[in-house]
Every structure is written in structure tokens, then in C-alpha cells.
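Dear colleague,

Please find below the structure that I am handing over to you, together with its sequence.

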Amino acid sequence: MKSRLNSFSELPAGFKRQLSELLSKAKSPHIGLVFYKVLVSKFTEDELEKGLKAEEFARKLESTLRELENYSLETPKLPCKKSFELKTAYRLAIGMGYPSLLENGFLFHHTYGIPYIPGETLKGLTRHVLLLSIYEGIKEKLASTQEPLNYLDKYLSSKEEEFSKNSLTETLDRTEISIILSDYKIRKPHRVFRRIFGTQEKRGEVIFLDAFPKKFNPQDLELDIMNPHYAGYYTEKGKNPPGDWESPVPIKFLTLKKGTTFIFCLDYEPLGEEEPELLEHAYNLLRVGLENLGVGGKKAKGYGWFEA
């Protein structure tokens, strides 16, 4: 947490004050800067060093979001070959690993200042869905392999010479697999995998663009709370057993509300061939991932899942 906060707190006092005033008066405030810079500037150096101002920071954040009730931002329109909309089925907590005065951060686009889901996150999710699906389709063939999922992952991304010699290639050339958690099927899934995501020799043919909310208002941001009861057990890595005599430790974190519609965009790699079937595969795989696995933090609790 210290490194990110110091980038602002170490600025000269006069410059920091003027910058805070300018940001506070901006007609279209950058919510990311408000969260990570402007509100931080309201604390003294000693308070920041102590790092114990989460509750007060949360109150200032809620107050600031209420003041921005009438503010809304048009989200960027990204041209692409394939786009679709899904809305959050529950709250979205993304970027929790970023340090903040709340302890957990939130991911804002560095230019637009609004929540977003990075394209690489969506690509990784899509890749994970296809990898698991191929594994489920041929897991008997991999039964004697150590760490079969890792082996399959390396095989699918290997160089063409190594890929062609592997006995799995002949097997998968005759295979149609069912995509997990859906009725969708893909023939020759290993070749689809290599074309969408690339190999050690060639980059993928599908581009996954960043996903933005269709409309964004600061009121869409909501503070949530986790309430671990066994803080000592977790911080001491199980050294002492958890006990009911321990007090809960409420920790607030920022989320995007349920029902927020996102626009997802896919396109072809500029030097690749435009093949509708390939884009359709990527679209279906991504939808399966978003609707069943989710993105961001606390997915096991239902955060980050999407619905039509």
C-alpha cells in the first residue's frame, strides 16, 4: 500500500493542494483519481503512515459518491466485429489486489476513470474454458501423465513441429468436444485453441478488447464488507487454531452494483484472416466463462458472475 500512496503524498505540499483543488472542481471527475489520490490527500502524512484510516476513508468515499449523483459518463464506443452485452448477476469486485486506504483496491481505467474489465482478463477466462473443456474430453488419454492439465496447456501452445508429432494431435483431429457447462460443441478443438490464443511461434487471431459498463454513474459503486472471524488464524498462517472467542474484523471494499450492463467486444487480429466461425467460437467460450466462472475477486461467493 505504501508505494502507491507515496507517489502522491511525497509531492510538494503546495502542488499537492493545487492538484487536489483542480481535481475536486473538475466537471467530469476521474473516479479513479478521486479514489486513489484526491481522498488520500485529505489525510495527513502521519495518518497515512499509520495506515489505520479505513473507516474514515470509507465515509469520505461514500460522501463523495453521493455528491456526484448527477454525474454520468458516456463510455467509449469500441468498433469491433462482434459485440454483446451481459449484466452483472451480482456485485463485481475487480482489482482488489491493488493497495488502497480501504486495504483492498478497485480497478479503474487509467484514462477514462471508470470501472472496466481488461481484455487480457477476458482472454484468459476464455482460454481457461477451452482448456478445461479439452481436458474433460480426453482426460482418459492423459491419465498416465503427471500434472495432466499443465501438460495439455504446454502441448496446445507448443511449436508446430512438436505439436504435429504429439499423439494427442491425431486423437483430437478426430474429436468433437462439449464445452463445459454448456451445450456448445467444437470440432478439432486443439486447432481452434491455437488459432484463437496463439502458440509459441504465432500470436492469436482473435482480439479481446477491454469491456466497459454501457453507462456509468458513481452511484453504481457500492461499498461491501467482509467480516473474517478468525483473523489471527489467517494472519499467522494456521499457527493457532481458529476459535469462537475471536472478534470479527470488518473490512470494507469497493464493488460495482448488481445489474450493471457491460459491453464485450471481439475482433480479428489485423494480420489474420476474418473467419466468422472462429469469432463465434470465441464468443461462445467467453459467454460460458462469464456466466459460469466470472471475473474479479470473490467469485466463489458469487461476485463477478454475469447473466443475459
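Of the 308 residues in the chain, 44% are buried. Please bear in mind that this is a predicted model. The chain contains 12 helices and 11 strands. Among its contacts with a separation of 6 or more, 73% are between residues 24 or more positions apart.

Confidence in the model

The mean pLDDT of the chain is 88, and 88% of the residues reach 70 or more. Where pLDDT is low, the predicted coordinates should not be read in detail.

Helix H12 and its partners

One partner is helix H6 (residues 119-138), whose axis is 8 Å from that of H12 at an angle of about 95 degrees. Angles of 65 to 115 degrees count as roughly perpendicular, and H6 and H12 are therefore described in that way. On the H6 side, the residues that meet H12 are Leu122, Leu125, Thr126, Val129 and Leu130. They face Ala282, Leu285, Leu286, Val288, Gly289 and Leu290 of H12. Nine residues of this contact are nonpolar and two are polar, with no charged residue.

Salt bridges

A search of the whole structure finds 17 salt bridges; three of them are described here.

Glu291 pairs with Arg287, the closest N and O atoms being 2.7 Å apart. Both residues belong to helix H12, and because they are four residues apart, about one helical turn separates them. Glu291 is partly exposed, at 27% relative accessibility.

Glu205 and Lys202 meet through their side chains at 3.4 Å, N to O. Which of these two residues is buried and which is exposed? Glu205 is buried, with a relative accessibility of 8%, whereas Lys202 is exposed at 52%.

Glu269 forms a salt bridge with Arg203, with 2.8 Å between the closest N and O atoms. Glu269 sits in the loop between strand E10 (261-268) and H12, while Arg203 sits in the loop between H10 and strand E5 (206-208), so this pair ties together parts that are 66 residues apart in sequence. Glu269 is buried, with a relative accessible area of 10%, and Arg203 is exposed, at 54%.

Loop residues

Lys188 has a positive phi of about 45 degrees although it is not a glycine. Lys188 is located in the loop between strand E4 (185-187) and H10, and it is partly exposed at 33% relative accessibility. Lys298 likewise has a positive phi, near 60 degrees, and is not a glycine. Its place is the loop between H12 and strand E11 (306-307). With a relative accessible area of 27%, Lys298 is partly exposed.

Where is Pro248 found, and what does it contact beyond its neighbours in sequence? Pro248 belongs to the loop between helix H11 (231-235) and strand E9 (251-256). Leaving aside neighbours within four places in sequence, Pro248 is in contact with Asn227, Pro228 and His229. The C-alpha atoms of Pro248 and Ala231 are separated by 7.6 Å, although the two residues are 17 apart along the chain. Pro248 itself counts as partly exposed, at 39% relative accessibility.

With kind regards

Technical notes. Residues are numbered from 1 along each chain as its sequence is written. This is a predicted model: local features need pLDDT of at least 70, side-chain atom pairs count only at pLDDT 80 or more; totals for chains, interfaces and linings use all residues. Side-chain values use heavy atoms; hydrogens and water are left out. Helices (H or I, at least four residues) and strands (E, at least two) are DSSP runs, numbered from the N terminus. Buried means under 20% relative accessible area, exposed over 50%, partly exposed in between (1.4 Å probe, protein chains only). Contact means heavy atoms within 4.5 Å. A salt bridge is a side-chain nitrogen of Lys or Arg within 4 Å of a carboxyl oxygen of Asp or Glu. pLDDT is the predictor's confidence in each residue, from 0 to 100. Axes are lines fitted to C-alpha atoms, for helices over the stretch in contact, and angles run from 0 to 180 degrees between N-to-C directions. Angles under 35 degrees count as roughly parallel, over 145 as roughly antiparallel, 65 to 115 as roughly perpendicular and the rest as oblique. Ala, Val, Leu, Ile, Met, Phe, Trp, Tyr, Cys and Pro count as nonpolar, Asp, Glu, Lys and Arg as charged, and the others, Gly among them, as polar.
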